[in-house]
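Colleague: Can you walk me through this one? Ground rules first, please.

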Amino acid sequence: MLNVDKAQEIAAGYVTEGQAVRLGSVVVDGQVDASAVIKLPLATLNRHGLVAGATGTGKTKTLQLIAEQCAAAGVPVLLADIKGDLSGLARAGEAGDKVAKRAKETGDDWQPTAFPVQSISLGTGGPGVPVRATITSFGPILLSKVLGLNDTQEATLGLIFHWADQRGLALLDLKDLRSVISHLTSDEGKADLKQLGGVSASTAGVILRSLSNLEAQGGDEFFGEPELAVADLLKAGTISLLEVGELHNKPALFSTFLMWLLAELFQELPEAGDLDKPKLVFVLDEAHLLFSDASKAFLEQIEQTVKLIRSKGVGVFFCTQLPTDIPNAVLSQLGARIQHALRAFTPDDQKALAQTVKTYPTTKHYELDKALTSLGTGEAIVTVLSERGAPTPVAWTRLRAPRSLMGTIGVDAIREAAKASELHAKYAETIDRESAYEKLAAKVAPPPSGQPQEEPQGEPQKDEPGALEKVLTSAPVKSFLRSAASALGREITRGLFGTAKRRR
Ligand SMILES: Nc1ncnc2c1ncn2[C@@H]1O[C@H](COP(=O)(O)OP(=O)(O)OP(=O)(O)O)[C@@H](O)[C@H]1O
Ligand SMILES: [Mg+2]
C-alpha cells in the first residue's frame, strides 16, 4: 500500500458532517499528506480529551489551535495560561517561512488572526481582571484541598461550616472563617464548641495556621466577593484566559479553583443532551497539580464531575506531560487523545510509554512505541471520537500552526486589555459586606431559633492528643456527624464537591 493510500485510509475515518476543529494532516513514514485532514468534531468535544507530551513538544500550541477554532465556531473556551504564552491568542500571528511551510503541509489557508480574549486572574495580584469565590461557595472539601488538610481536619472543617451555616453566619472571606474558628476556640465560644462535639481546639488551631499560610500566599484576596458568575465565561466565541501569573507558588488554589468552576457550571447549566457543539470547552493545563496529594474523596469528586458535566454540554481537556499523571478512572473517560512526543530515557519513562501505547486502538500503519518517541515538534499521535461516538483510526498528525501570535504579549499588554474588558467594571473592586467576621465582631451570633443553646456541663473538653478521636467515636457525635454529613450530602447533590449556592 502506498503511503498516500494509507494516509487517505486513515483520514477517511475523520470525515465529519458537522463543524470540526481541523487539527492537521496525516504523516506516514515521514511523509505528510496535506489532503488527509485530521479533525476533532465539535459534536464530540463534550466527550473530553487529553493533550499530553514531554516539555517543548507542542502541547500549548495545540491548545491554542483548538481554542482558536472553537472560538471561530462560536464556542466559548476557558483555559489556564500557566506560562503566559497563550496571551498571544489576542494578537494576530506573524507570517514567516516556518508558518508558511507548515500551512502548506497541512492544507491550511493560514491568515494571521486575533481572537476575542478576556483575561482573568485569581484575586487582585495578577494581570487579568480579578475574580473571586466565597469560602461558603467553595465548601469544605475544596477548601481542605487548598489548605492541604488531612481527613480528620477535613471532617472538622465540615463541622465548622455546618455550625456557621446553621447560625446564618456568612463565610465570605478568610477573615470570616478565621473569626468563626477563633470564636469557637475562645472562652465565650466554648459552649458552641462543645455543642459541635467533634471539634477539638487543637485541630481548630491547625486549621487556623493553615489559613495563615494561605493568606501569606495571597489567598486572602481571592476569597470574597463579588464572586465570579460562570455566565461571564459563556459568551459565544470568547476565550477566557486564566492568567496564573504569580500563582506558581500556590498551585493548589489554582487547580482547586478550576474544579470549583466545573462544579459551578454543573450547578448552573441545564441538561443539554446531544449538541452540535459544546457550550464551553474547559482546558485544565498542568493537570497533574490537580491529582497530586489529592484525597480519595477529592479524586472521586473529579471523576464524578468529569462524568456528569458531559451532559451539560461542557468538554474538558486535560493537559499534562504524561498520560499516567491522570488516574485511570478519569483517563478512561477522555474521548480524544492528542499525544505529543514522549521521552523514553528512564525505566519509568518506558513504563509510561508502554502504558500509553495500550490506551490506543490497534493500528497497522504505525509501530506506536516507536512513533511516540520519534514525533517531531508540533506533531502528535491522535485518535478522537467520531460523530457517531466511535474511536477514529490512529493518526500520526502534523498539526496546523496557530493563527494568533505564538508567545506572550507581555504582562503590561495583558493588564491594559483587562482594564478595557467588560468584566472590569463588575469585578475590579472587592466588596466587603456584612458577614461572619462583622457579626462576630459585634457580638456572638444568637443560636438558631428552636434550638436552645445547651449549657456546658462538667469539665470543658480537654485538648490532649487523641481526644478528638475519642469524641468522634462517641455515639451522640456519630449521629451528629451523620446528620452533618447528610446536610453536606444534600449540597453535593446540588453541586458537586459540596459547593454551595451563593447565599443572598
Ligand atoms: N502546531 C505548531 N505549529 C508551529 N509551531 C509549533 C507548533 N507546535 C509547536 N511548535 C513550536 O514548538 C515550540 C514549543 O511548543 P509549545 O510551547 O507548545 O510546547 P509545550 O509542549 O507546551 O512545552 P512546555 O511543556 O515547555 O510548556 C513552539 O514555540 C513553536 O515554535
Ligand atoms: Mg506549554
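Modeller: Contact here means heavy atoms within 4.5 Å. Residues 24 or more positions apart account for 77% of the contacts in the chain with a separation of 6 or more. This is a predicted model, where local features need pLDDT of at least 70, side-chain atom pairs count only at pLDDT 80 or more, and totals for chains, interfaces and linings use all residues. Residues are numbered from 1 along each chain as its sequence is written, chains are lettered from A and ligands numbered from 1 in the order in which they are written, and side-chain values use heavy atoms, with hydrogens and water left out.

Colleague: How many helices and strands are in the chain?

Modeller: 19 helices and 12 strands. They are DSSP runs numbered from the N terminus: helices are H or I with at least four residues, strands are E with at least two.

Colleague: What percentage of the residues count as buried?

Modeller: 55% of the 504 residues. Buried is under 20% relative accessible area, exposed over 50%, partly exposed in between (1.4 Å probe, protein chains only).

Colleague: Take strand β8. Is it enclosed or open?

Modeller: Largely enclosed by the rest of the structure, because 5 of the 5 residues in 280-284 are buried. Side chains alternate between the two faces of the sheet in a regular strand. In β8, Leu 280, Phe 282 and Leu 284 are buried on one side. Val 281 and Val 283 are buried on the other.

Colleague: Which strands does β8 pair with?

Modeller: β4 (residues 77-81) pairs with β8 in the parallel sense over 3 bridges. β9 (residues 314-320) also runs parallel to β8, joined by 5 bridges. Pairing needs at least two DSSP bridges between two strands. Leu 78 stands opposite Phe 282, and Val 283 stands opposite Phe 317 in β9.

Colleague: Switching topic. How many aromatic pairs does the structure hold?

Modeller: 8. One of them is Phe 138 with Phe 222, edge-to-face at 5.9 Å centre to centre and 75° between the planes. The rule takes rings of Phe, Tyr and Trp (its six-membered ring) with centres within 6.5 Å; planes under 30 degrees apart are stacked, over 60 edge-to-face, the rest tilted.

Colleague: What does that pair tie together?

Modeller: Parts that are 84 residues apart in sequence, because Phe 138 lies in helix α4 (residues 135-147) and Phe 222 in the loop between α8 (201-216) and β7 (239-243).

Colleague: Are those two buried or exposed?

Modeller: Phe 138 is buried, at 0% relative accessible area. Phe 222 is buried at 1%.
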